[in-house]
Amino acid sequence: MKTYRIPNTELDVTRIAYGTWHLGGTWDHEPPTQDIKDRAARLIHTALECGINMIDLADIYTRGKSDTLVGDFLRQQPHLRDKIVLQEKAGIILREDSRPDEPARFDFSYAHLIKAVETSLSRLSTDHVDILLLHRPDPLVEPEEVARAFDDLQTSGKVRYFGVSNHTPLQIELLKKYVKQPLVINQLEVNLLHNDMIRDGVFANMQGGNYTGATGMLDYCRLNDIMIQAWSPVAGGKLFNPPADAPANVQAAAREIVRLAEKYYTTKEAIALAWLLRHPAKIQPIIGTLKPERIPDSVRADDIELTRIEWYRLFEAANGRSIP
Ligand SMILES: NC(=O)c1ccc[n+]([C@@H]2O[C@H](COP(=O)([O-])OP(=O)(O)OC[C@H]3O[C@@H](n4cnc5c(N)ncnc54)[C@H](OP(=O)(O)O)[C@@H]3O)[C@@H](O)[C@H]2O)c1
């Protein structure tokens, strides 16, 4: 697969990464069943076989089971550790992970970030992760604490590079005032149906264009050499075979995807992902299928370069409106 060099790092990552949101099967406190363990091993093995070299994790995914299952895989095949870029996320505390009467919350305190990374490292059976992302912005963030945590995690060799997820440009600027390491990733929800980040710029200064001006994320990240990762890149499957009562724009995007899949002799997944890969910002989709056969179907996107007209046709269909 083709690769991107993540700016300000020495990491070359495949243009598509594999995500582990649901790898552990369930979000309860039960350990994974043998079936779930076997499926996880098959999924990771298939992703690597297909050429993917990056795995996205978060300490909360299936309450730690996703970390542990990737760790099981690495315990069995430790020689693969250095061939995989492991990206971890921290900063969320789920309800029921602390005392039952406490709310779910975000926590970017020094103590929480250090503890979260150490817990993940032990589950993953590795001494370091390549990238750590702050999962979702914490309104109570004290950036000095984040800076101290990043310094200690880097100095101890536990984390090589740092980034964020779901952060706005100003939230990143605030962190940058204190954090000395470059923030190299912003992981955001981007797909044909959730394309505000792209649409916002297209409709700038157009009458009736719904321009919000609120995000500016895309241009900010491009300007600051922050690689954008797209979570839910195929909109959780909503783009494929939508039910008859699905909104008209979803039906239209799905029809256009089928038409292009036929034209390119490829899969629907590949077309949906190729739409993201066509963007010159070098967006890296993180796929999350739990069906191993959909991984090769997805990585076929790497071979497709949509034309400008095809890109806009998909964009128009998904938005349910043309550019004025
Ligand atoms: N930073 C954040 O806040 C955040 C939030 C969410 C996710 N993430 C990351 O992003 C990764 C991907 O997210 P995601 O899982 O939502 O991505 P996704 O790849 O857009 O969606 C995966 C879902 O789409 C379904 N799907 C795929 N192809 C399909 C098809 N042809 N027909 C029907 N359904 C199909 C899958 O079902 P099957 O499993 O049956 O194939 C699965 O339920 C996660 O694993 C995680 O690493 C990050």
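R81 is partly exposed, because 16 other C-beta atoms lie within 10 Å (buried means 20 or more such atoms within 10 Å of the residue's own, exposed 12 or fewer, partly exposed in between, with C-beta atoms placed from the backbone). The model is predicted; local features need pLDDT of at least 70, side-chain atom pairs count only at pLDDT 80 or more, and totals for chains, interfaces and linings use all residues. Residues are numbered from 1 along each chain as its sequence is written. R81 sits in the loop between α2 (65–76) and β5 (85–90). Helices (H or I, at least four residues) and strands (E, at least two) are DSSP runs, numbered from the N terminus. Leaving aside residues up to four places away in sequence, R81 touches L74 and T126 (contact: C-beta atoms, placed from the backbone, within 7 Å). Its C-alpha atom is 9.7 Å from that of G71, 10 residues apart along the chain.

Strand β9 (residues 159–165) is largely enclosed by the rest of the structure, because six of its seven residues are buried. Strand β8 (residues 129–134) runs parallel to β9 and is joined to it by five bridges. Strand β10 (residues 183–189) also pairs with β9 in the parallel sense, over three bridges (pairing requires at least two DSSP bridges). F162 is the bridge partner of L132. F162 also stands opposite L183 in β10.

β8, helix α4 (residues 143–155) and β9 form a right-handed β-α-β unit. β9, helix α5 (residues 169–178) and β10 form a right-handed unit of this kind too. Right-handed means that, with the strands pointing away from the viewer, the path from the first strand over the helix to the second runs clockwise.

Key. Two residues are in contact if their C-beta atoms, placed from the backbone, lie within 7 Å.
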